[in-house]
Amino acid sequence: MMTATMSSAITASEPKRLPVGRIVGFTVLALVVLFAFLTPLVWPVDPTKQSLRNVLAAPSWSEPLGYDHLGRSMLARLAAALRLSLGLAFLSVLTAAVPGALLGILAAWKGGIVDRALSVLGDVFLALPGLLLVLMLTAIAPDSPWALYVGISLVLWIEYFRLTRATTRTLITSPAVQASRLLGFGPAYIIRRHLWPEIAPMILTVAAFGAATAIMAIAALGFVSVGVRPPTPELGLMMTELLPYYEEAPHALLQPIIAVFLLVLSLNLIAGRKAQ
Amino acid sequence: MTRVLGYRLFQALLVALTVGVLTFIMIRALPGDMAYRIAAGRYGYDMVNTDAANAVRTELGLDQGGTTALGQWFSDLVRFDLGVSVVSGEAVIDEVRHQLGHTVELALAAVLLSLLIGPPLGILAGLRPGGVIDRGLLLVSSTLRALPHFVVGLLLIIVLATGMGVLPAAGHGEPQNLILPALTLALGLAAVSSRVARDAMAGVAGSPYYAFGRTKGLSDAQVLRRHGLRNVSVPIVTYLGVQFIYLIEGVVVVETLFAWPGIGHALVHAIFARDVPVIQGTALVMGLMFVLLNALVDLACYLIDPRRQAA
Amino acid sequence: MLHTLSVLALGLMLGIGHAHAAAGDDILDIVAPFEISGTDPSTAGDLFLKMGVAETLVGADEAGKPVAALASSWELSDDGTVWRFKLRPNVTFHDGSPLTAQAVVAALTAAKGKPGILNKAPIEGISPDGNDVVIRLSEPFAPLLAFLAQNTTAILAPAAYDDKGRVTQVIGTGPYRISLLQAPQKMTVERFDGYWGEKPSIRAASYLAVGRGETRALMAESGDADFVFNLDPASRTRLSRSPKVNVLSVSIPRSVLLKINAGDPLLKDTRARQALSLAVDREGIAAAILRYPAAANQLFPPSVASWHNANVQPLAYDSAKAKALLAELGWKPEADGILAKDGQRFTLTLTTYPDRPELPLVAAVLQEQLKEVGVAITINSTNSSEIPATHQDGTLQMGLVARNFALVPDPIGTMLQDYPPQGGDWGSMNWSNAEFDQAIKHLSKVSDAAQGQPLREKAVSILQAELPVIPIAWYQQTAAVSKKLENVRLDPFERDFGLASMRWAQ
Amino acid sequence: MTALLVADGVRVFARERIVEPASLSLHPGRPFTILGETGSGKSLLAQAIMGTLPKGLRAEGSVTIAGQRLSLAVGQGHRSLWGRVISVLPQEPWLALDPTMRAREQVAEGYGFVRGLSVADAARRAQVDLANLGLADASGKLPSQLSGGMAQRVAFAAARAGGARIVIADEPTKGLDVARRDDVIALLLREVAEGGGLLTITHDLALARRMGGDLAVMLDGVIIEQGPAEEVLGDPQHAYTRRLIEADPAHWPDGQPRKAAGAPMLVAEGVGKSRGGQRLFSGLNLAVHPGEIIGVTGPSGCGKSTFGDILLRLLPPDEGNVRRAGGQPAIKFQKLYQDPPSAFPHRITLRRAILDLVKLHGLDAARIEPLMARLRLAPALLDRLPAEVSGGELQRFALLRVLLLDPVFLFADEPTSRLDLITQQEMIELLVELARERTCAVLIVSHDAELIRKVSDREIRFTGKKDLDQVEPKAA
């Protein structure tokens, strides 16, 4: 037993900061999520409700985060924008991860023509600038977050596909899987006990990065006026709208920036530092 | 190497094919009347009206079938003819060349700057994992990665241009105009490439051959030079290939913010105006550029890494 | 590559302290949102006119009255159908060729064949006659002079056109010639020594199209641009405090208005449109979004003196009255406050476009204000072309547009296009009024200002009463101008930046 | 004769002391070997002496190298000796050579940077060194193009190029097959014969015996016995040393080979297989009878494992065929793997893995406990992950897992090559015992001819010549 403790003490030559980072990441993310989803319950203000008397008013007890340039509640808008970004990011990641991972397993498992066909498909998406895809889709449906969602999913799935394919290819030929097959276990068991436990943590990492990417992309597209349109609260759009008032009301402009910052930072922390 | 380049060629063909078909289908699926959209792009919102749209429809033969137009595009493509912008009437190839030049200039400057910033810092951090530089760099790169491009760009403008007045805020034409947009992109790139370099360096510095180099009697500098840099540069250069995607996406935002007349900016406009030939041409060129850059990355890796030459 | 490298090295090594030359030299840097969409006057004529590169046959003064330009004088036949323009002598194009009647006829004929303005005039023929240009009309058409002042009719040299009538290079007669044209963003011009008129003081200028308002403002602030056109409201407030620039503004004949489909069952009744108008707090919108006193109480601002009618009852904000009118029409609020009648809810789609950034904002405010009186609005912010397109296919319900009444310097040109009996893409829809039609038709034939005055008043008061469009706000054009620059005036008709009359402060 | 290197009371600490005070002296021309199992602390001791302890560990005591006394607690002074006076022959030379640098350059570095020769001279000297080691052709090759034995020799040349006369060889034979192992031993002994100092760290009893000189045996961070190799190995004083020597297959008692009985239940006829265009074997015939133990030996890469996999139908043969007689279901044919951790799902507990199996085949769970007792596996181990139990324990779990299915044929592919000697003996004894008891035929592959000779009823020997194979009954 001394052996085990000793060698792990030795191999851990660099301090294990990753778990701490993850804990911080999950905590921050949880707080942001709580803020986004609890605010409408505690503070049921319509994020598009304007009161032109309060334009750009500073935070106060009656309006904790102040008002924007149309006298809309920043608190309500920020929470709504976070819900939109989080929801879109979550949905995109989910719709990218599930088929991506399944196709990856399928390709590695079946090999041959299936593998080659799927890999070529992956290469096509890889070679095409993802942005183009998103831009075109947002041009088809200019007002709806739907286009953003489909576009981002289409860009993201490839990552899961490649990852699961590579992992599955190694695992499928491993002695462990060979042993399970000899012992009489079928594909369902192999996926459940061999592949999934190996793939899941990677997927978590990629998903966290993917969500961060999605949130950044949505904000960036909002900034170039593609994607969702006013008056829908969206973080990038809020920044664009509040940008001209950066001198008059810096607190207003800072809020969406801090929101994006915290979201992306927490997701990056969750993803850990390895999988860039 | 031939195999790798062959694969890239195959990728290039795939790009041409999919860009053609995909943009075509999508453009056909775009809502609204194409003739009106083009007229709006051509004549502006004050002048777009039904007369203008009808004139556009007749002039461009928008009533012809989709497949005919697609076939035309492909047969022209074989002759390297990308057609004429339906908005400006210029040859697409000329427009794209003009804009691409600016984008390439910007992207190249950004990549060079990021290479000057990111990897050296990352290598320093990777030599002492957990040290002060490592922790400091982690903090800075995490912060930069969590800030959208345009926020970084704006901060730079506000500090360096309107605040200190040492650099122009936006525009292009003068050499100084390049610095801020390039720096904006470079900071984003370096935030990631420094981490890649750091992880690679930490891996190399912890490797048995690095330790062996030291016990052979080489000094720290000698070990770094002989056994560190080459091994670290392979993952860094490989990662450059991934960064080009990021670059293309960053370019769209940075170009509009800094009024840089590049291809990303043009693409957004072309989509608004439904300039199908320009969209196709731009997307095609962007896709091919991406493939070409990755081929260059392959080539660079091949030159750096003797294992690839031996294989 | 080498260029890039050396620039970077320079920048970094000098600690990027090297003061940028952009605004320091004697080149005037102009920044505006308009992209250069080609070389043809039909697409980019506005910019060639603004930059003093091209000129039109007829000019316009600050009140929009026609003045001599390339035509030194003109006369109209008694029946009002034949116009004879005498060309200014000794005018040369930038390529050195002389301005001849043939050249003008060729340019105008080309313009007439393209979408623009000339194809909307009842022109039968354009022909040269010695040194004169003769335009024959099928019927009297008073606004022709204004049409000929419009930028799509700019006169280019014969060498500018290829054999298919396409413009390949811009060869105008203006005080400046193009030295570099990089569509769609950049253009530089330099003084044209062979100019017929007064020699301008500014030697050279550059034009840069910058789409983002924030970027334009930052360029004004940092001194990268000497003349920044079109500021967003927030930046205007900020820049007015800047020590480096002056902020100029001028009231322009452009209005934000709600284009209404009067054929829609919900909006057919004049009272419904009046109710919508009463529900709009224009002062609030102006103060919050446009940030200048711009509440439109009628279609034309006072600055368009000939069309502003001081006698009409101003449009006002009175939501109680709006509710009363709607109740009168049988609308009753449901549980959520939205009105309904016979199971149909009062819901409308408002189409607008973000090309002018304030429009979606105004739309959002309108949505709120109309909700107060029980009208639910869905905003569809899309491409500007959707307005004419949905006008044509009849699906438009309401459109929020910023309409320029000075497409030609005389608003009658726009009125003819927008408010004909069958409706116009950017004006009335499924609305007509015989008295109004009569007045407009008459106006197009009357070239005397005083004679037209009662007709204009009549037309405006009918619009005010029946509201085929609901005016929301009047525009002001704003620009930030470096304090180093003198003698800058903003043209209310946005024809000209006034480059030729500017000069550097001593 | 003065000692080249003297270690005096060397201790290593992590949080607590993990290597007890150790002293040794290394003389020119006389090898010194430290023998111990994985985790005995032998490598840490060597690293403390060399000054290469990883971060987080510290040493005390002193080392005198070439007359220079270094205090390990201070932890300075080693650097200037590296390469010039003392050098390391690293374990796993494939990893210790820079993967992107050609062999000659890696050797020339020592001449160029440590001895300060010109580039041309350094290259020439390196070429000479490589030629002396029989590697003249390999000088332009990258490590990935070298075999394990060649890489070991390149690393040796590189370690020596700086002029160091003291070499610390850390597990120099790890991962090498028998023939290559002999080469390395010869190489090291040649160095010693020329008057160099050699400190070898190994777990390999045979290597220790061949090196001769002085020997120290380490157990749990303590040198339990030290002295001339013949004495220590010939007349071990410590119970552990005796146990270690007994565990050497050479010292195992001879088994009682049994005659094959009953009809063959697995028959291979004219089986042949190629890999990567190379013919591994062809025309192999084998009939496996119930309960017999067949040993397979041969050099690495000759196709031993492939043949076993073909018998299990994990691989299709290129020619010939494999028949299972008697209608036995597929799960009656099982396999034990070389590397036990890689044969279990990594992320589930052993209990989960075994219960999954019980559930799948409707087995009697009550059989598990007595069988675990037979295999000397503590019940508490069931709740661990595969990585959390020792290799020997895990291999016994693997045996447990297959025995639950009452196999008729078991292919044991080098089942003990990753285990220490004592564990190996336990494992093989249990395997043979249980197989005999259940009349389960075993095909056991090992590179250790001695081991095969001791346990098998008959033997197949792959000669390594590509298309020659030899099946011979074991000489009784």
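A: B:Asp220 has a relative accessible area of 41% in this predicted model.

Q: What makes B:Asp220 and B:Arg214 a salt bridge?
A: The closest N and O atoms of B:Asp220 and B:Arg214 are 3.3 Å apart. The rule asks for a distance within 4 Å, so the pair qualifies as a salt bridge. B:Arg214, with a relative accessible area of 29%, is partly exposed.

Q: How do you know that B:Asp94 and B:Arg97 form a salt bridge?
A: Their closest N and O atoms lie 3.2 Å apart. The cut-off is within 4 Å, and therefore B:Asp94 and B:Arg97 count as a salt bridge. In general terms, side chains of opposite charge can pair when their charged atoms come close.

Q: Why are B:Asp94 and B:Arg97 separated by about one helical turn?
A: Both belong to helix α5 (residues 92-127) of chain B, and they are separated by about one helical turn because they are three residues apart in that helix.

Q: Why is B:Arg97 called exposed, and why is B:Asp94 called partly exposed?
A: B:Arg97 has 54% relative accessibility. Exposed means over 50%, so B:Arg97 is classed as exposed. B:Asp94 stands at 36% relative accessibility; this value falls between the limits of 20% and 50%, so B:Asp94 is partly exposed.

Q: What makes D:Arg351 and D:Asp383 a salt bridge, and which parts of the chain does the pair link?
A: The closest N and O atoms of D:Arg351 and D:Asp383 are 2.8 Å apart. This is within 4 Å, so the pair is a salt bridge. The pair links distant parts of the chain, 32 residues apart: D:Arg351 is in helix α11 (residues 350-361) of chain D, and D:Asp383 is in the loop between α12 (368-374) and α13 (391-403) of chain D.

Q: Are D:Arg351 and D:Asp383 buried or partly exposed?
A: D:Arg351 has a relative accessible area of 34%, and D:Asp383 has 48% relative accessibility. Buried would require under 20%, so D:Arg351 is partly exposed and D:Asp383 is likewise partly exposed.

Q: What joins B:Asp134, B:Arg195, B:Arg198 and B:Asp199 into one network?
A: Salt bridges that share partners connect B:Asp134, B:Arg195, B:Arg198 and B:Asp199. Over all chains, the count by this rule comes to 56 salt bridges.

Q: How do you know that D:Arg347 and A:Glu198 form a salt bridge?
A: The closest N and O atoms of D:Arg347 and A:Glu198 are 3.4 Å apart. The limit is 4 Å, so the pair meets the rule. Across the interface of chain A and chain D, the rule finds two salt bridges and eleven residue pairs in polar contact, both residues being at pLDDT 80 or more.

Q: Which elements give two or more residues to the side of chain A that touches chain D?
A: These elements are α1 (2-11), α7 (175-182) and α8 (187-223) of chain A. The largest share, six residues, comes from α8(A). By class, this side of chain A has 13 nonpolar, five polar and two charged residues.

Q: How many residues are in contact between chain A and chain D, and what area do they bury?
A: 20 residues of chain A are in contact with 33 residues of chain D. Chain A and chain D bury about 2,300 Å² between them, with 65% of it on carbon and sulfur atoms.

Q: Which chains have the most contacts among the five pairs that touch?
A: The most contacts are between chains B and C. That contact takes 58 residues from chain C and 56 residues from chain B. The two chains bury about 4,500 Å² between them, 63% of it on carbon and sulfur atoms.

Q: How many salt bridges does the rule find across the interface of chain C and chain B?
A: The rule finds zero salt bridges there, while four residue pairs, both at pLDDT 80 or more, are in polar contact. On the side of chain C that touches chain B, the largest share, seven residues, comes from α1(C).

Notes:
Residues numbered from 1 in each chain as written. Chains lettered and ligands numbered in written order. Predicted model: local features only at pLDDT ≥ 70, side-chain atom pairs only at ≥ 80, totals over all residues. Heavy atoms only, no water. Contact = heavy atoms within 4.5 Å. Buried area = accessible area lost by both parts, 1.4 Å probe. Salt bridge = Lys/Arg side-chain N within 4 Å of Asp/Glu carboxyl O. Polar contact = N/O pair within 3.5 Å; in protein donor to acceptor, adjacent residues only side chain to side chain. Helix = DSSP H or I, 4+ residues; strand = E, 2+ residues; numbered from the N terminus. Nonpolar A, V, L, I, M, F, W, Y, C, P; charged D, E, K, R; others polar. Buried < 20%, exposed > 50% of the residue type's maximum accessible area, 1.4 Å probe, protein only.
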